[in-house]
Amino acid sequence: MSAVMNRNTQPSKYGATRGAIQIKNVDKIYDPEGAAVKAVDNCTLDIPAGEICMVVGPSGCGKTTLLNAIAGFHSITSGEITLDGELLCGPGKPQAEPGSDRVVVFQNGALFPWKTNLENVAFGPIVQGKMSKKEAYEKARSLMADAGLGRSERNYPGEISSGVRRRVEIVRALMNDPAVLLLDEPYRALDSLTKSVMHESLLETYYKNKVTIFFITHDLEEAIFLGHRVVIMTSRPCRPKKILEVDIPHPRDYNALTSTRFRELMDETMDAVHEEAVKAFEAGEKEG
Amino acid sequence: MTTDNSKTGVGQGLDQAAKAALLRETMPFKTVPDATLRRIADLAKEETLPAGTRLYNEGDRADDLFVIASGKIEHALGPEAEASKLVKMVKRGDVIGWAALLSTKQRRLATTVAEADTQILRINAQKLRDLFQNDQQTGDMVMSRFATMIKEDYTLPDWLAKTRSIGEGTVARSEAEVPVSESRLALLGYRLGLWVKSPKPYLMITGFTAVLLFWHFSVDVFEWPRFRNMPGLVEVITEWLSRDPIYGLSVWTPEYYTHIIVSIRRVFIAFLLATALGVTLGLFMGWSKGVREFVFPVFETLRPVPILAWVPLAIIIFFHPESTVIFLTFLASFYATALNTMLGVDSIDESYSRAASCLGANKWQVFRHVIVPGALPFIFTGLQISVGVAWFSLVAAEMVSGEFGLGFVINTSYTMVKYPTIVIGMITLGAVGYTTSAMVRMLGDHLMQWRVRELAMGGR
Ligand SMILES: Nc1ncnc2c1ncn2[C@@H]1O[C@H](COP(=O)(O)OP(=O)(O)OP(=O)(O)O)[C@@H](O)[C@H]1O
Ligand SMILES: [Mg+2]
């Protein structure tokens with residue numbers, strides 16, 4: 001169990017050596033003094049290194065809260081979260097330090113509009129002092145070119161389509177060689193056609209760099225298509241209600257969507273999610 | 001599913017007839033006689049670009065042009081091309097790489113990347129021109145069709161959209177080496193031309209004319225009672241331009257410029273101080289809850305106090321009239337800048353700071369890379385207000401103290417019943433004030449290219 005033993009050992013079943021997240025009995029209560037809102041309740045989840053872990057659950061159940069706790073944007077009330085055996089937050093350390101080992105891609109996108117796409121991508125290593133500007137730009141350029149984004153280098157994020165922006169943002173995250181990518185409904189605002197392109201591009205990226213992906217979504221099809229596992233959360237306060245193994249082999253392409261197995265998994269997820277959504281709805285009725 | 005058809009359309013090899021048929025589909029070669037078209041087809045080399053291949057980059061040497069046979073290519077002009085539409089998807093029958101034919105550029109204006117597996121014909125521009133040397137009539141026709149196509153598709157400035165003319169090859173070559181400064185000038189001319197062609201200047205002129213006409217008619221023509229003592233348009237203009245002004249102030253008298261310069265100097269100093277202190281205070285008030293809780297209540301209590309109410313205290317504190325005027329001018333600008341800057345920091349989406357911190361930025365780097373640039377649009381809105389407010393307060397301050405300046409002119413002219421001079425002072429003040437705020441706006445646009453371009457995308 002020691003931190004040292006867990007590191008640099010055998011690759012996980014997904015072929016990655018780092019990025020294992022363990023969430024143990026985590027509670028998160030907003031505003032403990034006043035009207036306490038319990039957003040996360042005794043949540044335990046074990047994500048092996050290199051897994052694509054999809055998280056679905058009713059609106060407002062506490063998914064973002066959990067992600068923010070891993071990222072270090074806010075504290076947890078109790079429990080602990082570790083990354084590769086090292087404590088991120090837990091007893092005595094309520095809030096994790098945000099760091100480039102766990103990069104977040106935000107729901108509405110957070111490329112700096114005042115920097116060109118290239119400057120955005122190169123930002124991480126430069127501010128960390130890991131690379132000289134020149135090296136960072138070189139690496140950024142080659143990563144962008146690999147992702148087919150070379151021609152947007154000199155544009156500002158405001159000048160490119162939202163789909164391309166998401167891709168740039170993911171490249172910006174990968175630039176830091178993170179152990180974990182935390183994605184909070186990154187493709188929510190995209191049309192379904194763009195979305196499908198995004199999925200393929202994300203998977204392609206994933207096959208090249210086996211990072212752990214913690215991916216929140218409302219789109220069940222997206223969840224099953226991308227994920228190794230789909231974690232279905234209960235209505236607020238959230239905790240895993242059901243964890244679905246998606247036994248469709250990777251690498252996947254769009255043919256997977258039409259397979260019978262995919263349909264079966266969809267039905268199974270749908271039932272579980274629907275049940276929670278009804279609960280959330282009824283809870284909302286009571287409150288309102 | 002997307003990768004399994006990567007072989008389609010590749011390798012069959014187009015024969016001369018197929019190439020000619022393709023060329024016939026294009027805009028520039030549509031009307032070329034058959035015999036010539038076949039010879040062009042012989043120049044055309046077939047190539048296949050896998051998806052993602054970059055055909056050329058902006059700034060590369062331009063030697064060849066390309067006709068797309070199948071697939072598609074994204075054609076993205078660089079911003080310096082000044083085209084109305086920068087990005088375009090080209091497909092079968094489209095011709096790209098025409099920079100090779102332009103009379104002023106031999107560098108690529110665009111970056112082109114194959115979106116899908118794409119089959120193209122490559123035509124060497126020099127060889128094409130050589131071919132046309134023997135058939136100048138067709139050559140000139142093709143070149144002019146090229147020019148039309150380019151202009152239709154991209155609305156480039158004329159000087160860029162001009163193709164070489166075939167007849168005078170030597171002239172064309174020397175034209176190709178237009179020095180940079182000259183092309184800058186051409187660009188400026190082009191923009192000016194656009195402005196003149198747009199409704200803006202005429203609306204502006206109409207606006208001014210309406211006001212002036214109203215003035216003229218109400219005072220001099222209808223002689224409305226309320227305007228009885230008001231100096232008329234003609235009287236003011238005559239006085240203003242007179243070499244020997246009745247009331248002693250016109251564009252020909254040196255004092256006129258002394259007043260202007262003294263006022264500008266005061267505003268300049270006050271504005272700089274207000275900007276330096278206001279932006280700093282605003283940034284810290286926005287950034288740190290602690291600073292805000294200390295400062296903001298005090299700030300909000302002082303802010304509604306009008307400049308004129310400060311005059312007695314200012315005179316007691318500063319004594320020196322110049323400092324008094326500058327302090328009074330400074331005050332309102334400072335409030336405007338500080339408040340806008342603070343709101344600017346508030347307006348920054350939290351996810352930018354979060355993104356920066358998870359990319360490894362420390363607190364200070366977040367401040368520098370997120371807070372400051374993120375607040376910049378609001379800061380510049382604040383500065384535009386602030387420079388206007390500075391002129392505003394200046395007049396009040398100069399009425400109280402000092403012996404020069406436009407406010408002083410207005411005030412003394414009133415007590416000495418020099419009415420036309422009052423109006424001269426007012427108009428001058430307006431013009432100078434307008435210029436300064438335009439300068440601030442230009443500086444803002446210059447510093448925030450990202451914003452200018454973003455707004456341009458929104459069609460503004
Ligand atoms: N800063 C906060 N203070 C108090 N309550 C909060 C705060 N942030 C979130 N909450 C509450 O916690 C609950 C969970 O919010 P969270 O954003 O984690 O949900 P979510 O699952 O991400 O929802 P969605 O799917 O709509 O994004 C919600 O009821 C929300 O109102
Ligand atoms: Mg959320």
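**Exercise 1. Describe the fold content and burial of chain B.**

Solution. Chain B contains 18 helices and eight strands, taken as DSSP runs (helices: H or I, at least four residues; strands: E, at least two) numbered from the N terminus. The model is predicted, and local features need pLDDT of at least 70, side-chain atom pairs pLDDT 80 or more, while totals for chains, interfaces and linings use all residues. Residues are numbered from 1 along each chain as its sequence is written, chains are lettered from A in the order in which they are written, and side-chain values use heavy atoms, without hydrogens and water. Of the 460 residues in chain B, 44% are buried, that is, under 20% relative accessible area (1.4 Å probe, protein chains only).

**Exercise 2. State how many disulfides the whole structure holds, and examine Cys238(A).**

Solution. A disulfide requires two cysteine sulfur atoms within 2.5 Å. The search over all chains finds zero. For Cys238(A), the closest cysteine sulfur, in Cys61(A), lies 4.7 Å away, which is too far for a bond. Cys238(A) is also buried, at 0% relative accessibility.

**Exercise 3. Characterise the interface of chain B and chain A.**

Solution. First, the two chains bury about 2,800 Å² between them, 62% of it on carbon and sulfur atoms; this buried area is the accessible area (1.4 Å probe) lost on being put together, summed over both parts. Next, the rule finds four salt bridges across the interface, each a side-chain nitrogen of Lys or Arg within 4 Å of a carboxyl oxygen of Asp or Glu. Arg151(A) pairs in this way with Glu74(B), with the closest N and O atoms 2.1 Å apart. Finally, H14(B) gives the most to the side of chain B that touches chain A, with seven residues.

Conventions:
Buried < 20%, exposed > 50% of the residue type's maximum accessible area, 1.4 Å probe, protein only.
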